[in-house]
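Let's take a walk through this structure together, going from the way its chains are arranged down to single pairs of side chains. Have the 3D view ready to turn as you read.

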Amino acid sequence: MKSAILKTGAVAVTALLASSPAFAAPAADAAAEVAADAVSGGTAYIFNTLLFLIGGFLVMWMAAGFAMLEAGLVRAKNTSTQCLKNIGLYSIAGLMFWIIGYNIAYPGFAEGSSGLFGMAGTAYGMQGVGEADLETGYSVASDWFFQMVFCATTASIVSGTLAERIKIVPFFIFVTVLTGVIYPVVVSWEWGGGYLDSAWGFSDFAGSTLVHSTGGWAALVGAIILGARLGRYTDGKVNVFPGTNIPLATLGTFILWLGWFGFNGASQLAMGTVGDVSDVSKIFVNTNMAACGGVVIAIILTQLRYKKADVTMAMNGALAGLVSITAEPLAPTVGQSILIGMIGGAIVVFTVPLLDKFKIDDVVGAIPVHLFAGIWGTLIVAWTGDATFMGQLVGVLLTAVWVSVASAIVWFILKATMGLRPSAEIETAGLDVHETGVEAYPDLARQA
Amino acid sequence: MKSAILKTGAVAVTALLASSPAFAAPAADAAAEVAADAVSGGTAYIFNTLLFLIGGFLVMWMAAGFAMLEAGLVRAKNTSTQCLKNIGLYSIAGLMFWIIGYNIAYPGFAEGSSGLFGMAGTAYGMQGVGEADLETGYSVASDWFFQMVFCATTASIVSGTLAERIKIVPFFIFVTVLTGVIYPVVVSWEWGGGYLDSAWGFSDFAGSTLVHSTGGWAALVGAIILGARLGRYTDGKVNVFPGTNIPLATLGTFILWLGWFGFNGASQLAMGTVGDVSDVSKIFVNTNMAACGGVVIAIILTQLRYKKADVTMAMNGALAGLVSITAEPLAPTVGQSILIGMIGGAIVVFTVPLLDKFKIDDVVGAIPVHLFAGIWGTLIVAWTGDATFMGQLVGVLLTAVWVSVASAIVWFILKATMGLRPSAEIETAGLDVHETGVEAYPDLARQA
Amino acid sequence: MKSAILKTGAVAVTALLASSPAFAAPAADAAAEVAADAVSGGTAYIFNTLLFLIGGFLVMWMAAGFAMLEAGLVRAKNTSTQCLKNIGLYSIAGLMFWIIGYNIAYPGFAEGSSGLFGMAGTAYGMQGVGEADLETGYSVASDWFFQMVFCATTASIVSGTLAERIKIVPFFIFVTVLTGVIYPVVVSWEWGGGYLDSAWGFSDFAGSTLVHSTGGWAALVGAIILGARLGRYTDGKVNVFPGTNIPLATLGTFILWLGWFGFNGASQLAMGTVGDVSDVSKIFVNTNMAACGGVVIAIILTQLRYKKADVTMAMNGALAGLVSITAEPLAPTVGQSILIGMIGGAIVVFTVPLLDKFKIDDVVGAIPVHLFAGIWGTLIVAWTGDATFMGQLVGVLLTAVWVSVASAIVWFILKATMGLRPSAEIETAGLDVHETGVEAYPDLARQA
């Protein structure tokens, strides 16, 4: 359960004081060991809030990472459109999570507010200038910001898979539903204290399933309904459409890696005690090392298999390692983290070609990275963390069913009404000229 | 008034203690509610300083954002020059703000020092190793760093508008005067506790006017004196010179968005109390949501008007939303923030074509974004914040007159002496080869 | 000596308490001045740990900076390979520093553990969930993360110099030895409390010698053994191979600049007292100003010498300024810092052409920037800091001998066994197609 407000709730003040020996007996002859970890209540509040703020801006930065990764991996003629989709989806996520998403995700939080749409007007909504949320032990606004950027991340995953062949307007409408309803419902089951959390002890620390698999299922269903890019699979052959700008994709990978320290680290939800900040530190190390493991295994496997160390596989290896460790980045040892990341990286190397066999066209490899590695990371918590294999499996399956069905309905409605794809002429010419009217590299791109 | 030193000043120690119930009566039977927000004096000092450091490095990072935005929006043949200008202007701003700027901006701070040039040698200048500035409640060095990066931001705004047609040397000389004198004088009137602050109650939390409009006026006057790029306006037609690298401009937009959390958030100037850190959190949310609003409105308006969702307008919509909320990012509700950002975004969509009518050639749209949205953001504080419309208007106008006149004088002197523009041959060939001697994309750019 | 564990060690608890007047006598009538700097033990622990975490993610981000700088400065046909090398070297550094490097670097730390390979299993290794390392005064995991990213930085330096002509596999094997053994041995002499620290009072605050010169020597020896790129020096002429993507290199420079605030600032190793956080602030200012000085001098010198303000020299001027101040970023005044950075920048302007005279082919100028400016920065500590010229010289020379000899042995073994360079055909065609199988700019790059 991730919601800090539910975790701490009404007992926050007591808890803060209890964890502050200095306040329990500041003038007493407390043992040195006890005094050494003393943190006052207000100080803990500031640290907790600061963790959300730092984590929040790091995860916000991941929006740039996805944008660069995707802009680098699509063809020149679709690059501006991909940039627009990434700027737009983050903004839509912000508005939708404010209007409705947060209250769906954290129903306990909305109590006393005016129903689903209450965040804008609830007593908990946003405190007045100079005031603080002492009952929660951190600023609610900082938590909201942190939760919002997770919502945006989910949408980013979808945009990569469906690149180069979906029109802007239906894509943005899907994002509106995904960030306003589909994702928040999944969150409510677990971090919001709902069914998966209470009935199954499902454990998903920072969102291998809630964020990454949710985005992955929505992308997979979308890819199947949308179909492959024109000319991608012809006469039983797979035609490779290489990305335009590999250094940009590299940059995107590094941005995502950096942002993940906020994604996983700040999901500790508190650093106002010596134990919490030490846990955040361990999460940093494990997160980093899982990514290192994913990279190294991807390089080794592609070198062995193809005699070439594939740079795009190395990138996806890093991301798969990160997704894999996200369900439980705290409990594993460093060795376990490396192993979990390595297996995540190996999954990507083997499943990217597999998708092509089924003619599922995933432009950036988001389905192997976010969905397959996300499932792997979630299930392995039964080994490293405090969860059962059955509980984890139920969480994976329930998310799969809900997100797939809900997404499919939205995709089909969009397809039946406004249509999802541009005409074959536009797709062949590239979406940029028709959809956004701005060429990405007018001085550089080769004439056709 | 923004200077933390003036805000806290000599009463800092008392204030810190007063806000620290634990110190007022650490062993007493303080009520739980009181103890829950206790922060000791030294802890508050560290938090305040840390806010300046984090905010400072985020705003420093905006220098990269402007560089990428501008490099992406100029033509390939002028890209290296634009990169050089951005690296250079940040460095000049650093030196000038140290030599003279800071003392002009904060005259109260320089008291007891050796006049205008005293920062390098004042008692307040920089404390010794291991010492602290207990009388201010934060490290003066951290505050200086935070103020310096604001100074650099102002210069960044100018470089975008004047791109592709100004020689490097006169540009750098202008930047020297702008960062050493013109900008610091504006700051002195408000954040330095001067005329606008004391006589008019002018309110500009993080610099919609002081930073963004100042840069915008200097850019506007420069654009008029410099004239348009060759071939931009011919036979009553506006010829579009599309930018070379849209994903790079997208990256720049995301960098600026990220940096703005430091720009606005750390302008709270303190996070050593539970109230301050909660305010910083609210600023994060409002800043983010104003940008989201600016993006969404720009996408909707361009889609409706041109049947294409213009990606460069979406970028400028984000930036306009950010500039609009900068004058007062704390007091508005989230709904108000979204609305303020949306109107800022709409202003950009409607005024970018307007400038072309007057044949004012603004390469990246910096005048609509930083000047027009900056004025809008400043005036609307009369609605959301603690200021009068008249006071805000006076601040806008006084800044307009000072910056325009001072800039015009410098531009005219430079034009009369060394000249501002390269020859028509050089401009047509691109500034890169002649001015910096380095082509930006030698392996990629199309042969003419 | 940099190891926080050695610096604080067993007296940490006492020290924390001693520095916390509030705990020594919380209820007593302590003078206001004393109380104003009070920080409790647990709070100091959190601050110290947070410094490592923030510094750590900023230095991790430098890996992206090196990647972008190098990707921008190589030719299009070798860009993907350069990206792969940078992703891979960071990952290898992570694994090697975990497996063996850290224990070599900090032997005192490994006491009680199972020898060199003990980090994975030592009592100090990683504490349990929710536990803290009260005996050290910070989370050991956070320190480990911070040290690991320094190790990766050292390897990054090598990859730039040797670009465009070294095969991927021998490069990665060299990185494995460099990050696992060569670099950690140098660290052990100084930050690990060894010979240079105890016998010579050698002073290297954040690593002008330990990190930058170590990388520089390994690069220099590698460049000599590897030889120049084909066609670089022909008939007594130096043929310039211009970089493909100047804005990307600009981005890399800004990323490195940003990361350096973590590199130098967090090398204070503590911010749990008002004095420490004030010192971190001073380091931020000095670091920033040395870079500004390096840029401005590089622009002035190239403008005077070549009548063109060279943008790549401005970048290297920034980096040289940063490297120069790294050996002692705290003690100098701001004026001294600017001067140190300026001389560093001037060194680069004059030594880049010098290397070409000796036909040493350094693709990105890493040897002037990291080695020459690193030596300069180390020696000048005798003026600004607490060290003797002789002690600094011994540190420089000892590092030179060890790193050069060890690197040469590894390079020669690799050359003799698997070979270092691809065939002339492959080098001429570009390494990308053969080594990683992925073209960097397939839609953009000019046909040969």
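This is a predicted model: local features need pLDDT of at least 70, side-chain atom pairs count only at pLDDT 80 or more; totals for chains, interfaces and linings use all residues.

Do the copies meet through the same surfaces or through different ones? Only 20% of the interface residues of chain A are also interface residues in chain C, so the copies meet through different surfaces.

Now zoom in on the place where chain C meets chain B. Here 70 residues of chain C are in contact with 72 residues of chain B. Between them, the two chains bury about 5500 Å², and 79% of that is on carbon and sulfur atoms. Which elements of chain C give two or more residues to this side? They are helix 4 (32–35), helix 5 (41–73), helix 12 (246–265), helix 13 (274–306), helix 14 (311–326) and helix 15 (334–357). Helix 13 of chain C brings the largest share, with 18 residues. Sort the residues on chain C's side by kind and you get 47 nonpolar, 14 polar and nine charged.

What about specific links across this interface? The rule finds zero salt bridges between chain C and chain B. It does find 14 residue pairs in polar contact there, both partners being at pLDDT 80 or more.

Over all chains, though, the structure holds 21 salt bridges, and a few of them are worth a visit. In chain A, A:Asp279 pairs with A:Lys282, and their closest N and O atoms are 3.0 Å apart. Both sit in helix 13 (residues 274–306) of chain A, three residues apart, or about one turn of the helix. A:Asp279 and A:Lys282 are both buried.

In chain B, the side chains of B:Arg229 and B:Asp361 meet at 2.8 Å, N to O. This pair links distant parts of the chain, 132 residues apart: B:Arg229 is in the loop between helix 11 (208–226) and strand 1 (233–234), while B:Asp361 is in the loop between helix 15 (334–357) and helix 16 (366–379). Both of these residues are buried as well.

C:Arg75 lies in the loop between helix 5 and helix 6 (79–105), and C:Glu164 in the loop between helix 8 (140–161) and helix 9 (168–190), so the pair ties together parts that are 89 residues apart in sequence. C:Arg75 is buried, with a relative accessible area of 14%, and C:Glu164 counts as buried too, at 2%.

Back in chain A, there is a whole network of salt bridges to trace: it links A:Arg75, A:Glu164, A:Arg229, A:Arg232, A:Asp356 and A:Asp361.

Let's finish at a single histidine. C:His370 lies in helix 16 (residues 366–379) of chain C. Is C:His370 buried or exposed? At 4% relative accessibility, it counts as buried. Its side chain makes a polar contact of 2.9 Å with the side chain of C:His212. Leaving aside neighbours within four places in sequence, C:His370 is in contact with several residues, among them C:Phe66, C:Ile157, C:Trp260 and C:Val323.

How values were computed. Residues are numbered from 1 along each chain as its sequence is written. Chains are lettered from A and ligands numbered from 1 in the order in which they are written. Side-chain values use heavy atoms; hydrogens and water are left out. Contact means heavy atoms within 4.5 Å. Buried area is the accessible area (1.4 Å probe) that two parts lose on being put together, summed over both. A salt bridge is a side-chain nitrogen of Lys or Arg within 4 Å of a carboxyl oxygen of Asp or Glu. A polar contact is a pair of N or O atoms within 3.5 Å; within protein, one must be able to donate a hydrogen and the other to accept it, and residues adjacent in sequence count only if both atoms are side-chain atoms. Helices (H or I, at least four residues) and strands (E, at least two) are DSSP runs, numbered from the N terminus. Ala, Val, Leu, Ile, Met, Phe, Trp, Tyr, Cys and Pro count as nonpolar, Asp, Glu, Lys and Arg as charged, and the others, Gly among them, as polar. Buried means under 20% relative accessible area, exposed over 50%, partly exposed in between (1.4 Å probe, protein chains only).
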